[in-house]
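Subject: Structure for your review

Dear colleague,

Please find the structure below, handed over for your use.

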Amino acid sequence: MRLPSFNPLLLGAALSTLVLPAAAEDVLRSTSLKSCQANSSGFKASLFDVVFTPNNLTASVNMLATSSIEGYVVFDISIFAYGYRVIHTTVDPCTSNLPGMCPMTSGKMNNPFNLPVTPEAIEQIPGIAYTFPDLDATVLVYVNYTDPAMAGQTIACLETDVSNGMTVDLLGVKWASAGVVLLALLSSAIVNGLGFSNAASHIASNTISMFAYFQAQAMIGLCAVPQPPVVKSWTQNFQWTMGIINIEFVQDILQWYQRATGGEATTILDMLSFVSVQVEKVKKVKRSMPMIDEATSLAKRSVGGLAKRALQTEFGSYVVYGIQRAAFRAGIETTNLFLTTLTFFYIFMIIAALGVVAFKVFCEVAAKLKIIKGDAWFEFRAGWLTVLKGVLYRWVLIGFPQITIFCLWELTQNDSAGAMVLAVFFFLGCLATLAYAAYRVIRIARRSVSLHRNPAYILFSDPHALNKWGFLYVPYRASAYYFIVPLLVYILVKGMFIALAQRAGTVQAVALIIIEAAALITASVLRPWMDKSTNSFNIAICAMNFINAIFLFVFTDVFGLPRLVIGVVGVVLWIANAAFSLILILMLIITTGIILFHNNPDTRYQFMNDDRTSFMKSNTQIATTTQLDALGATARGDGNLFRKSMEDDESAPGRSVSPNSGPYAHSTRASMRMDSARNSLRSSFRAPIDPISGTYPAEPHHLRGKASGSVRAPSPFGNNNYSGSSSNLSGQQREQAQAAARAAVGARAPGMTTEEDL
């Protein structure tokens with residue numbers, strides 16, 4: 001029994017019709033001409049623009065060419081789609097009435113003309129060629145002599161890529177992905193402001209992970225590996241995450257700055273009307289037909305402004321690849337690219353800072369006008385500077401991939417003295433900032449383990465540490481506080497290969513396979529994120545990045561695979577990543593929507609096993625009736641809030657514990673004499689904020705304004721039958737806690753850091 005044939009390209013075409021706008025008119029177009037053999041110097045074209053419209057049976061040709069061919073010739077034309085030859089025909093200029101080509105004469109050709117196309121030729125073109133996005137089609141033209149003395153001799157081989165105007169590089173995809181990320185972060189801030197810090201942390205963590213996945217797709221497009229058209233277009237959708245955003249007046253300012261600091265700007269975009277630019281693609285149509293290697297082997301650095309980046313071919317056209325390919329597709333001059341990414345990194349940082357300041361001003365004005373209660377957002381209003389510092393640190397981490405890649409790449413380009421100084425300053429500055437932050441987190445966690453045998457004690461109870469450094473460890477379980485170090489190493493090494501190996505695409509592909517494999521194995525074995533669902537979310541992203549690295553290696557064609565295989569792999573990469581991105585976006589939207597309309601969204605998530613909720617200033621899930629919770633309340637200064645709960649537990653049958661009995665009865669009176677001073681000290685501690693969304697959780701209670709008195713709950717350690725947290729406190733730790741309580745005014749909780757320490 002014979003199964004029906006199945007073509008994945010047809011499936012891709014069917015899917016694309018659902019998301020791509022319909023073209024007003026069927027059209028095929030070519031915008032560049034290149035050589036496909038080393039001895040094609042007889043015909044050179046610096047500009048080649050052909051537009052074929054089947055409705056009027058004509059092909060409009062606009063060409064600036066120089067020919068040294070003389071005599072009668074015939075054109076042997078082959079059309080390949082995804083490496084498969086779909087059309088082969090021979091055209092005789094004499095019978096086709098081509099002007100100036102019967103016979104061929106040496107000289108310049110700069111007169112546009114229309115070439116008639118017969119209906120029989122049009123019928124050979126399949127309908128999918130006009131609708132499939134980012135068509136991977138190539139036209140090869142062999143120029144052969146027909147004179148008897150040299151009949152059949154090939155004197156030139158020319159190649160051009162064909163496009164139908166349909167693409168997956170859509171403005172709507174860019175805005176949709178950016179909008180989802182922005183709205184998810186705002187939702188996280190709102191949820192955290194309502195007091196549900198656990199749910200807010202999950203939303204923010206997944207949002208940042210999805211943003212990192214978008215950046216990983218953009219990095220694929222920045223690699224110097226030749227890629228199928230659909231891959232280049234799809235990855236271009238996410239270049240905004242790397243700061244590649246084209247705004248005309250910004251480009252004018254950056255070009256002025258570059259020239260003012262001793263640089264010389266390229267003008268490739270201004271020369272498109274008379275110079276062709278070849279966007280590098282997969283190397284071969286088939287094994288016996290060399291393409292861009294031969295052209296670029298004869299390439300040379302041009303003289304003047306264009307020498308900075310683009311390779312000039314023997315035809316006088318230019319070739320862009322890798323990072324400069326992404327810049328050209330975005331409409332940015334390659335000499336402006338580094339400054340563009342740096343500018344938008346800085347602009348977004350300023351916008352985030354102004355957002356914090358604006359909210360601070362709004363809260364103060366609203367409180368004075370009695371639009372909100374006087375104590376609303378009090379903790380944020382009191383500690384907004386600490387919040388601002390945390391937001392700036394957080395943005396440095398988010399933008400670290402683009403800073404690493406483009407600063408290191410700029411060191412290989414030397415656009416201007418000013419740009420070089422900025423590259424060194426921002427790269428070393430961001431690296432030192434994040435390295436110092438990671439060092440502080442590890443130091444604080446080790447201190448907490450040394451004093452309390454639990455890293456979560458200080459990491460989550462100290463508001464200053466949480467506000468400043470929390471973005472580095474909150475997405476992970478407390479015992480994986482160190483995971484920020486492997487993450488920074490991963491970003492740094494990956495960025496170095498992308499930036500510094502632009503001349504070696506195969507090296508980049510192999511390096512990315514090793515790096516992504518290491519990331520996937522590490523994530524799968526350690527599972528460092530805060531809970532099972534977050535681990536699954538991030539491990540799936542690591543797996544997809546590894547698959548993309550394998551696809552990138554296939555595009556290098558080191559195995560000499562048929563061109564059809566490479567074309568199909570490119571389509572698979574597009575469909576797989578589009579589907580995966582859609583799934584992530586829908587998961588985030590649905591989860592965020594449910595949380596926003598849920599009475600208690602924290603109940604949707606399981607308790608985290610690192611005991612962080614016992615130390616963080618509370619939400620609806622905390623009930624301080626265990627040893628660990630009591631310790632957390634003491635660390636935060638919240639004992640007065642939970643005294644009644646403790647007394648209720650003690651009054652229950654079988655749970656009787658007297659404050660004047662037990663092994664610590666002798667210290668009760670001394671401790672009570674220090675309650676007033678200790679209560680004053682505790683009231684000075686600010687509540688921790690959500691370290692990712694950058695806002696304080698709503699507080700149902702405040703210690704301020706309460707009468708002085710004992711806020712210490714009866715010790716739970718006097719009852720050996722007490723059950724609760726699995727964390728055990730040694731006698732030495734209890735003695736240290738009691739000693740700290742006796743220190744009175746000016747003392748601080750054990751292990752607690754202050755603003756001066758940070």
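Is Lys-174 buried or partly exposed? With a relative accessible area of 22%, Lys-174 is partly exposed, since the cut-off for a buried residue is under 20%. Please note that this is a predicted model.

Salt bridges

Lys-174 also takes part in a salt bridge, in which its side chain meets that of Asp-169 at 2.4 Å, N to O. Asp-169 has a further partner in Arg-329, and here the closest N and O atoms are 3.8 Å apart. This second pair links distant parts of the chain: Arg-329 belongs to helix 8 (residues 322-329), whereas Asp-169 sits in the loop between strand 10 (154-162) and helix 3 (171-193), 160 residues apart. Arg-329 counts as partly exposed, at 29% relative accessibility.

The structure holds six salt bridges. Another one of them joins Arg-29 to Asp-49, with 2.9 Å between the closest N and O atoms. Because Arg-29 lies in strand 1 (residues 28-30) and Asp-49 in strand 3 (residues 43-53), this pair ties together parts that are 20 residues apart in sequence. As to accessibility, Arg-29 counts as partly exposed at 40%, while Asp-49 counts as buried at 18%. In general, side chains of opposite charge can pair when their charged atoms come close.

Helix 6

Helix 6 comprises 13 residues (residues 248-260). At 1.5 Å a residue it should span 18 Å, and its end C-alpha atoms are 19 Å apart, which agrees. Which residues of helix 6 are buried? They are Val-250, Gln-251, Leu-254, Gln-255 and Gln-258. Seen down the axis of helix 6, these buried residues fall within an arc of 135°, so they line one face of the helix. That buried side packs against helix 9 (337-368). On the face turned away from the buried side, helix 6 carries the exposed residues Phe-249, Trp-256 and Ala-260. Helix 6 is followed by Gly-262, which has a positive phi, near 95°.

Nonpolar cores

The largest nonpolar core has 135 residues, and of these Met-63 and Phe-406 touch the most other members. What is Met-63 in contact with, leaving aside its neighbours within four places in sequence? Its contacts are Phe-43, Ala-45, Leu-47, Phe-48, Met-101, Met-109, Asn-110, Asn-111 and Phe-113. There is also a second, separate core of eight residues, among them Ala-480, Phe-483, Ala-523 and Trp-529. As a general matter, nonpolar side chains tend to be buried together in soluble globular proteins.

Five strands form an open sheet in the order 2-10-9-5-6, with antiparallel pairing. Strand 2 (34-35) and strand 6 (84-91) are the edge strands, each pairing on one side only. Within the sheet, strand 5 (residues 73-81) and strand 9 (residues 137-145) run antiparallel and are joined by nine bridges.

With kind regards

Conventions. Residues are numbered from 1 along each chain as its sequence is written. This is a predicted model: local features need pLDDT of at least 70, side-chain atom pairs count only at pLDDT 80 or more; totals for chains, interfaces and linings use all residues. Side-chain values use heavy atoms; hydrogens and water are left out. Helices (H or I, at least four residues) and strands (E, at least two) are DSSP runs, numbered from the N terminus. The expected span of a helix is 1.5 Å times one less than its number of residues. Buried means under 20% relative accessible area, exposed over 50%, partly exposed in between (1.4 Å probe, protein chains only). The arc is that of the directions from the helix axis to the C-beta atoms. Contact means heavy atoms within 4.5 Å. A salt bridge is a side-chain nitrogen of Lys or Arg within 4 Å of a carboxyl oxygen of Asp or Glu. A nonpolar core is a set of buried Ala, Val, Leu, Ile, Met, Phe, Trp, Tyr and Cys residues joined through side-chain atoms within 4.5 Å. Two strands pair if DSSP finds at least two bridges between them.
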